[in-house]
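I opened my notebook beside the structure. Here is what I looked up.

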Amino acid sequence: MSTGLIIICCIALIAIVVVQIGKVTELAAKIRGEEEVQYEANRRSGVLWLIFGVVFLIGCIWSAVHYAPWMLGYGPHQAASEHGGSLDSLFNQTLWCTVPVFLATHVALFWFAYKYQGRKNAKASFISHDNKLEIIWTAIPAVVMCFLVIQGLVAWNEVMADVEPDEEFIEIEATGQQFLWHIRYPGADGKLGGKNFKKIVPGENPLGQDWMDDKNLDDIHATDIVLPVGKKVRVRITAMDVLHNFDLPHFRVKMDAVPGMPTYFVFTPKTTTEEYRQQLREYPEYQAPTDPSDPESEPLWKTFEYELACAELCGKGHFSMRKLVKIVSEEEYQDWLSQQQSFYMSNVRGKDYDPRKDELLGVEIKQRKQDFDLAVEKALAAEIPDEKIIRLNYVTFETGSAKLTPLSRYELENVVAALNKYPNMTIEVAGHTDNTGDAEANQALSQTRAQAVYDFLTGKGIAAGRLNPKGYGQTKPIDSNDTEEGRQKNRRTEFQILTQ
Amino acid sequence: MANVTTIAPQDQEDKVIQELGYDDHFHEHEHGDKYKSNFIMKYIFSMDHKIIARQFLITGMIWALIGAGMSIIFRLQLGFPEENMAWLRPLLGKWIEINPDSGLGTLAPEFYYALVTMHGTIIVFFVLTAGLSGTFSNLLIPLQLGARDMASPFLNMLSYWFFFLSSIIMMYSLFLSTGPFAGGWVAYPPLSALEQASDGSGAGMTLWILSLVFFVVSVALGGVNYVTTVLNLRTKGMNMWRMPLTVWAFFVTAIIALLSFPVLVSGFLLLMFDRSLDTSFYLSEIFIGGQALDHVGGSPILYQHLFWFLGHPEVYIIILPAMGLVSEVLSVHCRKPIFGYKAMVYSILAIGFLSFIVWAHHMFMAGVNPFISNFFVIFTLIIAVPSAVKVFNWISTMYKANIRFNPASLFAVGFVSMFISGGLTGIFLGNSSIDIQMHDTYFVVAHFHIVMGIAAFFGMFAGVYHWYPKMYGRFMNDTLGKIHFWGTLIGAYAIFWPMHYLGMAGVPRRYYRFDNFDTFSHFADMNMFITIAAILTFGCQIIMVINFFYSIWKGKKVTTKNPWGASTIEWTTPIHAGHGNWEGKLPTVQRWPYDYGKDGREFIPQIEPLKEGEEDGGH
């Protein structure tokens with residue numbers, strides 16, 4: 001309360017002082033004659049204009065020199081993309097066109113204000129217009145503008161050009177969400193898969209990718225933007241909720257992210273992060289320690305990173321949408337890429353929410369067939385009966401039942417193929433369980449499971465006489481039944497080659 | 001003040017009006033007071049354009065203080081992000097979040113964005129549109145054209161009261177528990193359309209739209225009146241080429257406003273539909289708040305087109321009146337005709353026309369087809385030509401002048417400086433390729449604040465100091481006015497000049513703090529400097545406000561009808577003109593408004609007939 005009172009008193013005091021200053025000067029004017037006072041005021045104002053003009057123009061030039069490192073194309077603030085240089089040079093051309101105008105008009109303005117201050121007995125000249133002069137100073141700006149427009153449009157159309165159809169480029173995708181960026185790489189196929197905002201489930205499918213689209217299966221969700229130097233990049237920019245803007249200040253890249261409409265920006269990184277650091281090293285301001293209180297901490301240039309920011313107001317966290325951008329050599333890029341896992345494979349595959357959990361992907365089918373065929377070859381060549389056993393790890397059943405899981409069919413297809421390949425081969429199909437529960441029930445279950453496999457194979461046209469289904473229950477463990485891991489190994493389906 | 005040796009003294013002027021004036025039988029028909037009035041009808045629900053002008057001005061000043069005060073609060077956040085803001089809690093309440101451990105207060109980010117948004121809305125619409133154009137169009141159009149009032153005084157009164165209603169609604173939105181709208185003054189959807197996107201996009205946005213729709217009604221009623229008055233109520237002899245540049249500027253401004261504001265309303269209407277009726281004009285494929293919305297097929301870019309189709313002309317709605325005021329004030333106090341009167345008129349018309357075909361230069365980076373931008377670059381940079389002509393003409397007006405320096409003329413000269421500085425940076429931004437780097441950075445903030453914020457305020461101040469004697473029959477204090485001017489000139493440059501460098505370094509605007517990014521965190525000292533400059537500059541405005549209100553009652557009295565020795569006819573009315581402006585006959589106009597220093601005379605009033613063989617229009 002008392003502070004409020006003090007503040008009110010202070011304001012009142014200031015108001016009184018202000019009013020008194022005004023009153024005093026008015027009184028002075030009355031005493032000395034208004035005309036005299038006006039001429040003196042003119043003189044004072046004229047001189048003030050001159051002083052202000054000099055200080056102002058010197059200040060402008062000083063500040064430009066002082067902050068030159070931050071101006072485009074000077075000092076450490078170099079463009080790190082191939083097109084960036086053309087924007088910087090256009091900026092500087094415009095600067096060279098405008099600075100003389102700025103200086104000339106201001107010098108005239110301040111000088112006239114001083115020179116033509118109202119004086120006693122002086123008269124203003126009656127000059128109402130001058131057509132020639134006016135045509136000149138209409139024409140000159142028009143010509144200069146034409147020059148800048150042409151320069152600008154040439155640069156603009158080059159920078160904004162999309163990739164040519166036969167051109168080699170990397171396409172990545174950036175998606176803005178309140179308040180973070182998602183970065184997606186296309187994976188080995190080089191193509192980004194389709195998405196649909198209706199499929200978005202945070203955590204499970206953050207971008208709403210359509211997993212039925214094969215192009216999505218190898219797409220990578222990256223934590224940073226990593227790009228090889230000197231390679232054209234086409235960024236596909238999308239937004240999930242509100243407008244965002246994909247802003248890479250060092251690369252002179254900026255483009256709105258619009259919900260419902262992808263936008264694109266094509267650019268080529270020119271300088272690797274490491275090279276940029278070396279450039280910065282030349283400047284004393286980058287020799288300063290990162291932590292001003294600790295002179296031993298790393299110098300600024302050493303910790304420099306390119307950054308991705310958001311440049312379109314997107315809500316209360318707008319100021320925090322940061323991602324690192326790393327420009328590296330082609331080898332480092334390939335190295336990094338090979339360490340990245342596809343989002344589908346690492347986070348979706350086999351989960352309840354995987355729409356493809358009941359099917360195998362082409363690569364998986366191929367891989368398993370290869371493994372299986374090898375095992376068959378090996379078993380065929382083996383001498384002792386125990387080595388003629390092939391474990392069907394991918395044949396599984398619903399818990400407690402003899403119903404084959406959907407994915408089992410892929411391995412069984414391999415069995416069918418092998419049986420077709422070796423028409424003389426006969427096999428014993430064996431079911432095994434672990435020791436949990438009743439031994440008799442286990443025996444029965446293993447028998448029906450073996451039967452289920454038998455049914456599948458005969459259904460595929462294998463002669464019944466070549467197959468001998470048999471349940472072993474818990475009698476033949478291959479590992480300890482005391483651990484869950486061991487029990488899992490014991491629950492298994494095998495077949496043994498009887499004749500070949 | 002008046003160092004004028006009046007050649008046509010007051011009674012001689014009266015005589016001229018008696019002899020040559022146009023008798024519209026004002027007295028006989030209306031028995032001396034056409035507009036019978038008690039206190040309420042005279043000062044509150046007034047239909048007198050001069051009272052309405054004062055209402056607009058004072059409401060605008062209140063809004064200016066609020067809008068500028070908001071900028072001080074968010075500048076504190078930017079300049080001193082680590083400082084304890086708990087002391088603002090009595091004012092801002094829950095928007096200052098107190099850390100329970102340290103007891104330190106911080107400004108809530110939501111409210112930071114609400115402040116930024118409201119600052120823009122208030123200054124652009126309520127202060128620089130209503131407060132500037134509303135005040136001076138009302139005051140000067142009838143007075144300088146020799147009309148008794150606006151074409152429709154009643155609509156004119158409504159125009160103010162719709163503005164008042166709009167103000168009340170906007171003011172009310174500041175006190176909502178979810179806060180006022182916080183999505184930027186441009187109110188781009190989806191941020192402005194979806195409650196889930198921001199607290200302020202709920203009730204705050206509803207009130208924001210409502211307020212601005214009433215505001216547009218106010219502008220439309222005012223605009224219709226201004227245009228009609230200029231076309232129909234000019235006194236005898238006042239042909240278009242004898243109108244002062246102020247009236248030309250107000251006239252073109254009103255036409256621009258009438259053509260562009262309705263488009264804004266249509267944009268708002270569709271936004272309201274999207275918000276309330278689940279339509280999808282601007283919304284498509286949105287996942288927000290853990291939920292995919294049903295909206296499909298809309299485009300946020302459509303809104304941007306509709307918005308900027310007003311938004312860009314709005315810039316000229318703000319700056320043209322300021323240009324008009326400055327031209328007039330500069331000429332009167334230079335004691336010289338405005339240089340190139342016709343060129344000035346043509347450039348106002350050219351700017352007015354071009355203002356309609358450049359809107360997409362706000363959208364170079366919005367995702368529109370880059371090919372389209374080619375046209376907008378061309379038209380945008382062409383605007384530099386008429387603007388340059390105006391600057392050269394103002395400077396030439398000062399050449400070989402005999403300048404009487406007072407706060408009005410100081411602000412007029414300051415305006416020219418600001419307009420040069422801010423205009424030149426527009427040449428950078430108008431070029432789409434440079435805009436790739438500059439778009440939505442502090443370079444833009446610096447550009448538009450200088451060229452249409454500060455410059456427009458300077459024009460407004462010049463107008464207030466110059467026509468204050470006409471409005472209140474007293475002068476504002478000269479010394480305080482000069483302190484106000486120099487403080488504001490230096491302060492404004494100190495605030496906005498350094499921002500250019502921030503922008504070149506790529507620092508984006510509308511950031512609550514900069515230390516999340518290494519790239520943007522180098523400028524803590526500069527931000528502190530800017531904040532201190534802003535506080536001092538705000539202090540100078542307080543001086544102006546004190547001066548303004550003090551002078552209404554205590555200012556030095558005006559003793560002559562024409563204290564500045566101006567030739568326009570508003571200065572032939574009585575010092576305290578009643579409703580109807582002229583007591584007897586209406587003055588008739590015999591010549592153009594800028595005969596200063598002609599034939600060795602200080603000035604020749606517009607009512608004085610041309611001499612034999614004398615050419616009109618400064619020949």
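I began with a term: two residues are in contact if their C-beta atoms, placed from the backbone, lie within 7 Å. Angles run from 0 to 180 degrees between N-to-C directions, and axes are lines fitted to C-alpha atoms, for helices over the stretch in contact. Helices (H or I, at least four residues) and strands (E, at least two) are DSSP runs, numbered from the N terminus.

I noted that this is a predicted model, where local features need pLDDT of at least 70, side-chain atom pairs count only at pLDDT 80 or more, and totals for chains, interfaces and linings use all residues. Residues are numbered from 1 along each chain as its sequence is written, while chains are lettered from A and ligands numbered from 1 in the order in which they are written.

**Entry: the sheet.** I traced an open sheet of five strands in chain A, ordered E4-E10-E9-E6-E7, with mixed pairing (two strands pair if DSSP finds at least two bridges between them). Strands E4 (225-228) and E7 (253-257) of chain A are the edges, each pairing on one side only. E9 (306-310) and E10 (323-328) of chain A run antiparallel, joined by three bridges. Leu308(A) stands opposite Lys323(A) of E10(A).

**Entry: a helix on the sheet.** I found helix H6 (330-339) of chain A lying across E4 and E10 of chain A, at about 140° to E4(A).

**Entry: the two chains.** I looked up how many residues each chain gives to the contact: 97 from chain A and 105 from chain B. Among the elements of chain A that each supply at least two residues to its side are helix H1 (2-32) and strand E6 (244-248).
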